[in-house]
Amino acid sequence: MMSFMKSNKFLFFVFLLLGCLGSLFLKREILWDFANYHYYNPWALLNNRLWVDVGLAGYHAFFNPIADIPLYYLIEYLNDYPNLICFIQGWSFGVLLFISYLFLKQYFNLNTLLGKLEALVALLMIMTGLAVSTQVGSASNEIMVSCLTLLGFYFLQKEMFLIEHPRRKMFLLAGFLMGAAMGLKLTSAVYCLSIGIVIIGYACFAKVSFKNVFWFALGGVGAFLLFHGYWMWLLWQKFDNPFFPFANEWFKSEWMPAVNFKDMRFLPQTWYEYVFFPVVWSLSKFHFYDDMIVTDIRLLLWFILALGYGIWLIKNKIRKVKRESTPLHRAWVFSVWFFLVSYVVWLSMFAILRYCIIMEVLGAIFIVQAFVFIKPKTQKYEILYFSMLNILLFALLTTPLFSNDWGKRKNTDESWDISSYGKLQGVYSPLNKFAKYDEKFITMENLNVPDGTVVFFGGLPNAFVLPLLSKMADVKAIGYVDNSYTMMTDDSLNGFFNQGKWLQAKQDIIKKYGEPELFIVSMMNYLDMTKVMPKKYADKVLCVPLKNNVITRVFVCAEPQKLDKYKPLERKRKQK
C-alpha cells in the first residue's frame, strides 16, 4: 500500500485532484479575453459561422480556436453546473504540478527530510507564481500549453543527459509535445524558438547528435501542422495569409495593410529598460497588468541569480576551477540555458507575464537551489540568512494575495454610473444582481429578436453575446471596432476593420439583409457613443444595460420605439 501511495500514478491523481479543487475554490475568472473570443471563436468554428459575422472580436477572431473547444462543450452541456465546470477546468493546473514534481524529483533528494522540504518550497513557489496562480481554471489555455512544453522539455533533457543510450522515439515525442503547444497557441513560440536555439548550440559542440536533433525537429513540425495546419489553410483560403493578421508585410493580404505588428504595451522602450527590465519592473511602486496590481519579486530574483551565476562562472574560470561534469549537473546547466534564452526571447517578443509559466517552474527550482548554495557554512551568519530567507519566502508565497484581486472571480464588479452618457439610460448595477454565478456559468437575459435581424456589435469585448443571441434567433452580425483601437506597431492600422475589404463585407450584409436594427455595444469609461458605432446610428438609438453574468458595460441599443419589442420586460418595469 505504501509503495502504491509513492507511485507516480497515485501522485498524479493527488496533484490532479489538488488542481481541480484549487480551480473550484477560485471560481471562474472575469476575463476580457473570454468575453471577446475564447467563447465566440469555437462557437463560430463549430457552427459554420467563420467569416460570416464580419469584424467581431477584432484581430482575436483569427486565433486558432481548437484549444477553446473543450471549455465550449463544457459550457454547452454543463452550463447549469458552473462549479463543476470550474472543477474540471483545474485539470491542467494539476497536471502542471505533477510535471513540476517530476523535475523536483530529479533535482532534489526526496529520500531525505531536507530534500522533501526543498521540493515542497519549490512547489509552493510554482503554485503562487503570478502567471500560474492567475490562470488556474482560466479560459486562456496558457497552463495547458505550458504542460505540453514542460513535459516535452523534461523528456528532452532526460534523454540527452540522464539516459545512457538516447532513444530516437523520445526525441520525436519531446518535439511533438512542444510543437503541439505552439500549434494550439502561437504564444508558445517563445519556448519552441528558445529550445531550437539551445539544442542546435549543443549539437554544434557535439553534446547531442544532429540525427536526434532532426527527430526532435520532425516531431515539432509534425505536431504544429497537425494542430495548426487546418487553421492556417482556412486563413490562407480566405485572407491569402496563413498567419493572418500577422506577418502581412510578407504575405500582403488585401484585407489589411502590408505591415507586421505586435503588442507593444509591455515591451521595453529603451536599451536601459531592456537590460534592467526586471529591476525597473519589480521596483516600481505598482504595476498594472491586465487590470491587476502586481507585487511579484520573481523577475528581480531571477536577475540577481543570473548575475551571481555569471560572476561565479567567471570566478571559477579565472581560478581554473574544474567544473562538475555529472549527468545531472549537465542537465541542470541545459535547463539554465533554456531558461536564459527563453527570457531573452520572451522579453523581445511579448514581455507579458502570463506567458512566463515555464520560467516560473524552472525559476522556482533555481531559487531554492540558490538558497541551499549560499547557506552559511558557519553559525556566525545563520540568523541573518534565515531572517532574509523568511522575508523572501513570505514575499514570494503571498504574491497572489497582494497582486490579484480575487474578487474578479466572484462577479463582485463595481457599480457604474452611466447617467452622464446621454443616451445610455440608468445606473448599471453589479453583475450578480442579475444572475448569481452559482446558477449558470454563462447567461444573458432573453431578447425578443426576429430571425434574420442584422445585429451591430460595437466596441470590445462583446462577441460572447452572439452565441447566446443565436440560441434565440438566426441573426447576422456586423462588428465595429473603435477607430483608435490598436495594439499594433503602425498607426496606419488604426481603424482597418472599418475600411477596405472589411467595409465592403459589412456593406454586402446590409445590402442583402437590410440595415442593422439591434445594437450590442461595449462602453468603456473613456468612450462615447460615436466611438462604438457610426454617427448615423448613434444619433437615433437609445441604450439600456444588457443583463449578463460575464462582463459589465455591455448595452443593448435600438430606436426607442423598437426597444420595446426587443426588451419588453425591461421597458414595462421602468414604466411602473
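# Reading surface and bonding features in a predicted model

Tutor: Let's start on the surface, where Trp 271, Tyr 272, Tyr 274, Val 275, Val 280 and Val 344 form a nonpolar patch with about 590 Å² of accessible area together. Keep in mind as we go that this is a predicted model.

Student: Happy to. Which helix gives the most residues to the nonpolar patch?

Tutor: That is helix H15, residues 271-275, which supplies 4 residues. Val 344 belongs to another stretch named here, helix H18, spanning residues 327-349.

Student: How should I class Val 344: buried, partly exposed or exposed?

Tutor: Look at the relative accessible area. Buried means under 20%, exposed means over 50%, and partly exposed is in between. Val 344 has a value of 43%, so it counts as partly exposed.

Student: Which residues form the positive surface patch?

Tutor: Lys 207, Lys 317, Arg 323 and Arg 330 make up that patch. Take Lys 317 as an example: it sits in helix H17, residues 298-318. Lys 317 counts as exposed because its relative accessibility is 70%.

Student: Now for charges that pair up. What is the general idea?

Tutor: Side chains of opposite charge can pair when their charged atoms come close. The working cut-off is a side-chain nitrogen of Lys or Arg within 4 Å of a carboxyl oxygen of Asp or Glu.

Student: How many salt bridges does that rule give?

Tutor: The count comes to 11 salt bridges. One of them joins Glu 159 and Arg 167, with the closest N and O atoms 2.8 Å apart. Glu 159 is buried because its relative accessible area is 2%, whereas Arg 167 counts as partly exposed at 37%.

Student: And Arg 298 with Asp 296: are they buried or exposed?

Tutor: Both Arg 298 and Asp 296 are buried. They form a salt bridge as well, and their closest N and O atoms are 2.9 Å apart.

Student: Which parts of the chain does the pair of Lys 562 and Glu 517 tie together?

Tutor: First the contact itself: Lys 562 forms a salt bridge with Glu 517, the closest N and O atoms being 3.8 Å apart. Lys 562 lies in helix H26 (residues 560-566) and Glu 517 in the loop between helix H23 (500-513) and strand S7 (518-522), so the pair ties together parts that are 45 residues apart in sequence. Lys 562 is partly exposed, with a relative accessible area of 26%, and Glu 517 is partly exposed too, at 31%.

Student: Let's turn to covalent links. How many disulfides are there?

Tutor: The test is a pair of cysteine sulfur atoms within 2.5 Å, and the count comes to 1 disulfide. Cys 543 and Cys 557 form it, with their sulfur atoms 2.0 Å apart. The pair links distant parts of the chain, with Cys 543 in strand S8 (residues 542-545) and Cys 557 in strand S9 (residues 554-558), 14 residues apart.

Student: What is the handedness of the link between Cys 543 and Cys 557?

Tutor: The link is right-handed, with 110° about the S-S bond. Both Cys 543 and Cys 557 are buried. For other cysteines, Cys 86 is buried at a relative accessible area of 3%, and Cys 192 counts as buried at 18%.

Student: Next, the backbone. Where are cis peptide bonds found?

Tutor: Check omega. A cis peptide bond joins Phe 244 and Pro 245, with omega about 5°. Pro 245 is placed in the loop between helix H13 (210-239) and helix H14 (248-251). The peptide bond from Leu 460 to Pro 461 is also cis, with omega near 0°, and Pro 461 lies in the loop between S5 and helix H22 (465-470).

Student: Which residues have a positive phi although they are not glycines?

Tutor: Ala 57 has a phi of about 70°, and Asn 141 has one of about 65°. Ala 57 is found in the loop between helix H4 (40-46) and helix H5 (69-78), and its 3% relative accessibility counts as buried. Asn 141 lies in the loop between helix H9 (130-133) and helix H10 (142-162), and at 15% Asn 141 counts as buried.

Key
Residues are numbered from 1 along each chain as its sequence is written. This is a predicted model: local features need pLDDT of at least 70, side-chain atom pairs count only at pLDDT 80 or more; totals for chains, interfaces and linings use all residues. Side-chain values use heavy atoms; hydrogens and water are left out. Patches are made of residues with over 30% relative accessible area and no salt bridge: like charges are joined within 9 Å, nonpolar side chains (Val, Leu, Ile, Met, Phe, Trp, Tyr) within 5 Å. Accessible areas come from the Shrake-Rupley method with a 1.4 Å probe; for residues, only the protein chains shown count as cover. Lys and Arg count as positive and Asp and Glu as negative; His and the chain ends are not counted. The place of a charge is taken as NZ of Lys, CZ of Arg, CG of Asp or CD of Glu. Helices (H or I, at least four residues) and strands (E, at least two) are DSSP runs, numbered from the N terminus. Buried means under 20% relative accessible area, exposed over 50%, partly exposed in between (1.4 Å probe, protein chains only).
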